[in-house]
Amino acid sequence: MIATDNLRLAIGSRVLAEKLDWQVADGECWSVIGRNGAGKSTLMRTLAGLREPDGGRVLLRGRALGDWPLEALARERAFLAQSRSDAFAYSVLETVLSARHPYHGKRYWEDSDDHTIAMRMLAAMEVEDLAARDVRTLSGGERQRVAIAALLAQDTPLLLLDEPANALDLAHQVSVMGLLAKLCREQRKTIVMIGHDLNLAHGISTHALLLMGDGRWLAGPRDDVMRADILSDYLHHPIETVRHGARTIFIPTEATA
Ligand SMILES: Nc1ncnc2c1ncn2[C@@H]1O[C@H](COP(=O)(O)OP(=O)(O)OP(=O)(O)O)[C@@H](O)[C@H]1O
């Protein structure tokens, strides 16, 4: 679905990722894990085509990102940014409907299908009763769920999500993650997402990419990469795992007083 070929990411003189050769196949769900400032959002923006690589290439379905016409690219990948600012008084429904524009061709107005899809996605995120509200009046968690509804309404094969669990309460973290896992499993959607919660990431991911923040990286199937020794190294903090039924739980060693 999406791959990087000898990708280099750098900010100023700092190299964040070097020689990143990484393949993400259809239906896989990847978690990108690393410390603050390791380069996760920079990578995600590069995968979305919102910034140029500092070396190497990003390939979507084997074709360099820059060679994709914008409207076709918008039908292939959707991107959830880490933060957003709402300057205008759009309603929740208008916000989600605007995500359908790549399907309009020369048509200006949305049709009833767009409306049905938008309402279905708002319902999936349990915010359909907020459809008429001005987005600027929403709480942080409600706004995040509307943004995820807009992402889903784009109905793209590839979903790129920068910290989707941000601002969500516990129940919505679990339900949103469950929905994303189901999209991979049942609809063969491909997901690449950033998350700091190792337990949520482990519960949903099939694969993980770790970024060290100095150019080094490690990618592979979840259980090869999300190991206590490796994560302790990448996150610069000792981590233990315990088994709880079928689940692996990650526990950071507590700071001593
Ligand atoms: N426009 C910019 N100007 C200067 N430095 C930047 C810029 N954008 C990013 N950086 C720096 O590049 C590094 C990587 O940033 P990035 O947002 O990719 O990190 P991250 O892994 O997503 O971090 P977090 O977990 O905190 O969200 C950080 O040290 C950040 O301060």
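This is a predicted model: local features need pLDDT of at least 70, side-chain atom pairs count only at pLDDT 80 or more; totals for chains, interfaces and linings use all residues.
Residues are numbered from 1 along each chain as its sequence is written. Local features need pLDDT of at least 70 and side-chain atom pairs count only at pLDDT 80 or more, while totals for chains, interfaces and linings use all residues.

Start with α6, residues 170-187 (helices are DSSP runs of H or I, at least four residues, and strands are runs of E, at least two, numbered from the N terminus). Its end C-alpha atoms sit 25 Å apart, which agrees with the 26 Å that its 18 residues should span at 1.5 Å a residue (the expected span is 1.5 Å times one less than the number of residues). Val 176, Met 177, Leu 180 and Cys 184 of α6 are buried, whereas Ala 171, Gly 178, Lys 182, Glu 186 and Gln 187, on the other side, are exposed (buried takes 20 or more other C-beta atoms within 10 Å of a residue's own, exposed 12 or fewer, and partly exposed lies in between, with C-beta atoms placed from the backbone).

Around the ligand, the shell includes Gly 37, Lys 40 and Thr 42 (C-beta atom, placed from the backbone, within 6 Å). Helix α1 (residues 40-48) supplies the largest share of that shell, three residues.
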